[in-house]
Amino acid sequence: MVLSVRVRDLVMRYLRYGLHEGICVTIDALGKVNTAPMGVEVIDRGPDADIIIRPYPETRTSMNLRQVPEFTLNFTHDPVLFFNSMFRKQALTLVSSRYVRPPRLGGCIDLVLECSVRAQYRDVEGRDLIIGTIKGAYECMGSKIAYSRGASAVIEALVYLTKLMALATSMSCKERAEYLRRIDEECSLAIRVSRVSNSELRHICSAILRLAKSYACSSNKGVGEWVSSATRSL
Ligand SMILES: Cc1cc2nc3c(=O)[nH]c(=O)nc-3n(C[C@H](O)[C@H](O)[C@H](O)COP(=O)(O)O)c2cc1C
């Protein structure tokens, strides 16, 4: 499908780096909505652009896309929305989409892509490779917060946390401790660089650390020793 010049310009302006993080919204055959952060690759094909996402096959996103091959991608750099899309789904606002059945997210979203699945493969790493066609793209209210190292650090901590949660049973205690250390590092950076008054960010960091600790081995002596002073008080 050839995109209109306006839609193509909008997509390439926002997603010009080719690799971005977004929040993917899908529905199952009964219409039940699922939200999950996903890495998004954009391939510029001249008048057109391909959208690629790679959900692990056991994720709800992957299963939903087999039932209803449509999705929306919601781009923001607000870590609260990333956190909510995984752990506080009831706090999200869902808004009807224009071209596809799954809804989009309301609130502080910069750009929405409404997509349909053109092809679905399994790649060599066992991940699904989903190629999407853009049905519609438009700007929304936009992030309330400016881009910051603190916000990026929280999103990075969430990436480590999701890996720890998905792979904990196949990881050694040492590997789990390493993930916990990285999460602690990202959260402590977030706390250091954000304003002390940002209580929501502190609350989210505290929840991320609590969850991460629950996946670390209880036999891990010394976890408390290196948990940084910035996050120890959370
Ligand atoms: C920023 C970010 C990017 C992510 N990208 C992916 C991805 O590309 N593929 C994937 O399978 N999981 C990715 N994850 C992890 C999933 O969002 C997470 O496992 C989620 O729980 C899957 O949800 P679902 O089972 O509801 O689909 C990412 C997480 C974050 C925080």
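**Where the labels come from**

Author: Let's begin with a turn: strand 1 and strand 2 form a hairpin with five residues between them, and in that turn G31 has a positive phi of about 90 degrees. Keep in mind that this is a predicted model.

Reader: What makes strand 1 and strand 2 a pair?

Author: Two strands pair if there are at least two bridges between them. Strand 1 and strand 2 have nine bridges, in the antiparallel sense, so they count as paired. One example is G22, whose bridge partner in strand 2 is M38.

Reader: And how do you know that strand 2 pairs with strand 3?

Author: Same test! Strand 2 and strand 3 (residues 48-53) share six bridges, again antiparallel, and the cut-off is at least two. V42 is bridged to I51 in strand 3. These strands make a hairpin with two residues between them, where G46 takes a positive phi near 70 degrees.

Reader: What makes the sheet a barrel?

Author: Six strands close up in the order 1-2-3-8-7-4, with antiparallel pairing. On average, neighbouring strands of this sheet are turned by 40 degrees against each other, ignoring direction. Within that order, strand 7 (residues 111-122) and strand 8 pair over 11 bridges, and L113 has A137 as its bridge partner in strand 8.

Reader: Which strands does helix 2 lie across?

Author: Helix 2 lies across strand 1, strand 2, strand 4 (70-75), strand 7 and strand 8, and runs at about 75 degrees to strand 2.

Reader: Why is Y138 called partly exposed?

Author: Count its neighbours. Y138 has 14 C-beta neighbours inside 10 Å. Buried needs 20 or more and exposed needs 12 or fewer, so 14 lands in between and Y138 is partly exposed. Y138 sits in strand 8 (residues 128-139).

Reader: Why is helix 3 described as mostly covered?

Author: Helix 3 (residues 79-87) has nine residues, and seven of them are buried. The buried ones are P79, V80, L81, F82, F83, N84 and S85. To be buried, a residue must have 20 or more other C-beta atoms within 10 Å of its own. What covers these residues includes strand 1 (19-27), strand 2 (33-45), strand 6 (104-105), helix 4 (149-167) and helix 6 (199-215).

Reader: How do you know that the two domains touch?

Author: The domain assignment gives domain 1 (5-139) and domain 2 (149-220). Their C-alpha centres lie 24 Å apart, but touching is judged residue by residue: a contact needs C-beta atoms within 7 Å. By that test, 10 residues of domain 1 are in contact with nine of domain 2. Helix 3 supplies the largest share of domain 1's touching side, five residues. That side has seven nonpolar residues, one polar and two charged.

Reader: What makes up the shell around the ligand?

Author: A residue joins the shell if its C-beta atom lies within 6 Å of the molecule. There are 19 residues around the ligand, and A36, P37, G39, T59 and T61 come nearest. Strand 2, helix 2 (60-67), helix 3 and helix 4 each give two or more residues. By class, the shell holds 11 nonpolar, five polar and three charged residues.

Reader: Which domains does the shell draw on?

Author: Domain 1 and domain 2 each give at least three residues to the shell around the ligand.

Methods: Residues numbered from 1 in each chain as written. Predicted model: local features only at pLDDT ≥ 70, side-chain atom pairs only at ≥ 80, totals over all residues. Helix = DSSP H or I, 4+ residues; strand = E, 2+ residues; numbered from the N terminus. Domains from an automatic or database assignment. Nonpolar A, V, L, I, M, F, W, Y, C, P; charged D, E, K, R; others polar. Axes fitted to C-alpha atoms, helices over the stretch in contact; angles between N-to-C directions.
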